[in-house]
Amino acid sequence: MRKPLVAGNWKMNGSLESVRELLEGLKSGIDAVSNAEVAVCPPYVFVPEVQKLLDGSAISWGGQDLSVEVSGAYTGEIAASMLSDFGCKYVIVGHSERRSYHGESDELVAKKFAAARAGGLVPILCVGETLEEREQGITEDVCARQLDAVIDLVGVDGLACGVIAYEPVWAIGTGKTATPEQAQDVHAFIRGRIAEKSAEVAEGMRILYGGSMKPGNAKELIGKPDIDGGLIGGASLVAEDFLGICTAAN
Ligand code: PEP
C-alpha cells in the first residue's frame, strides 16, 4: 500500500512573515491528516526558519533544486549535504520551470537525482509534456525519455528511493487541470514503464500529480488508482487550500 504524499512547491514566493503565518496555519490543521505524508519545499533562504517551525511536527520539508556537485567553486549552488544539514527530507529535481528557464537537460536532471540520493535526500522527479507535445501525441514518449534518463544512470533500484511527479507543463500554474482520466492514463503508463524493469519497484513507486491541483479537484484525481498524491504550486501558498488537498489525500 503506497502512502500518499502531498508536497507543496512554494517556488520563489513568500517573506519571512508570510512563511511564519503559513506554517502556523498548516500546523494547526495538520492533526486531522494522518494517512498522508505532507511536505513543503520553500525557497532555500527560508529552510532554516521552516526547520525551526516544523521540527517535531508531522510535516516534512525539502528543497526545490540542488547542485550535482558535492562542494567547491560553484557560485549560487546548494549541495545535497547542505539541505540535509537543515533537516530536509525531499528535494524536487527536474521541475519544468528548471528545465525550460534554466535549460536543464534530462541528463543533468538524472545527475541531480543521483546527487540527491547520494546525499540521503528523497528526490521528487518531475516529468511531463508541453501542450505542443501533447497535441503531437508524444506525451508518453516525453515522459519515457525523462524517466529513462534517470533509470539509465541510477538503475531501477536507484529510482525506487525517489518519488515521481507527473506534471503536464500546460497545467502548471494555468488553472487548466488534466482530467482525472488523462492523468491516470499517464500515471499508469509511467508505472508500466517502471514495471518493465521491476514489478516490485513499480508497485511501490509513488507517482504524484501536479498541475493546478486544488481542494475542489484533488479528491477525484488522487482517487485514481495510480495517483498517489500531489505536487502543489499555487494552492500550497494558502494554508486552507493546501490543507484541503491534504485532507483529500487522507
Ligand atoms: C508546480 O509548480 O509544481 C505546480 C504543480 O504548480 P501549480 O499547482 O500552481 O499548477
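This is a predicted model: local features need pLDDT of at least 70, side-chain atom pairs count only at pLDDT 80 or more; totals for chains, interfaces and linings use all residues.
1. At 18% relative accessibility, Arg 2 counts as buried, where buried means under 20% relative accessible area, exposed over 50%, and partly exposed in between, with a 1.4 Å probe and protein chains only. Arg 2 belongs to the segment before strand 1. Helices (H or I, at least four residues) and strands (E, at least two) are DSSP runs, numbered from the N terminus. The side chain of Arg 2 makes a polar contact with the backbone oxygen of Glu 203 at 2.7 Å, and another with the backbone oxygen of Pro 225 at 3.2 Å. A polar contact is a pair of N or O atoms within 3.5 Å; within protein, one must be able to donate a hydrogen and the other to accept it, and residues adjacent in sequence count only if both atoms are side-chain atoms.

2. Residues are numbered from 1 along each chain as its sequence is written, and side-chain values use heavy atoms, with hydrogens and water left out.

3. The ligand is surrounded by 14 residues, and the closest are Lys 11, His 95, Glu 167, Gly 173 and Ser 212. By class, the shell holds four nonpolar, eight polar and two charged residues. In this scheme Ala, Val, Leu, Ile, Met, Phe, Trp, Tyr, Cys and Pro count as nonpolar, Asp, Glu, Lys and Arg as charged, and the others, Gly among them, as polar.

4. A polar side-chain atom of Lys 11 is 2.6 Å from a ligand oxygen, and a polar side-chain atom of His 95 is 2.8 Å from a ligand oxygen. For Ser 212, a polar backbone atom lies 2.7 Å from an oxygen atom of the ligand. Taken alone, the ligand exposes 290 Å², of which the protein buries 96%. Accessible areas come from the Shrake-Rupley method with a 1.4 Å probe; for residues, only the protein chains shown count as cover.

5. UniProt, in an unreviewed entry, places the feature "active site" at His 95 and Glu 167. Of the two, the lining of the largest pocket includes His 95. On a 1 Å grid over the protein atoms alone, a pocket is an open set of points where a 1.4 Å probe fits, with protein on both sides within 12 Å along at least five of seven lines; lining residues have an atom within 4 Å of a point. His 95 sits in the loop between strand 4 (90-93) and helix 4 (96-101), and is buried, with a relative accessible area of 4%.

6. The "binding site" feature, also from an unreviewed UniProt entry, lists Asn 9, Trp 10, Lys 11, Gly 173, Ser 212, Gly 233 and Gly 234. They span 226 residues in sequence, but no two of their C-alpha atoms are more than 13.9 Å apart, so they gather at one spot. From this set, the lining of the largest pocket takes in Asn 9 and Lys 11. UniProt positions are given in the numbering used here, feature names are shortened, and annotations may be inferred rather than shown by experiment.

7. Asn 9 lies in strand 1 and is buried, at 5% relative accessibility. Lys 11 lies in the loop between strand 1 and helix 1, and has a positive phi of about 55 degrees although it is not a glycine. Met 12 is located in the loop between strand 1 (5-9) and helix 1 (16-29), and is exposed, with a relative accessible area of 79%.

8. Ser 212 is placed in the loop between strand 7 (207-209) and helix 10 (215-222). Ser 212 is buried at 13% relative accessibility, and has a positive phi of about 55 degrees although it is not a glycine. Its side chain reaches the backbone nitrogen of Gly 175 at 2.8 Å.

9. Ser 198 occupies the loop between helix 8 (180-195) and helix 9 (199-204), and is buried, with a relative accessible area of 14%. Ser 198 and Ala 160 are 38 residues apart in sequence and 9.8 Å apart in space, C-alpha to C-alpha.

Methods. A residue is near a molecule or strand if one of its heavy atoms lies within 4 Å of it.
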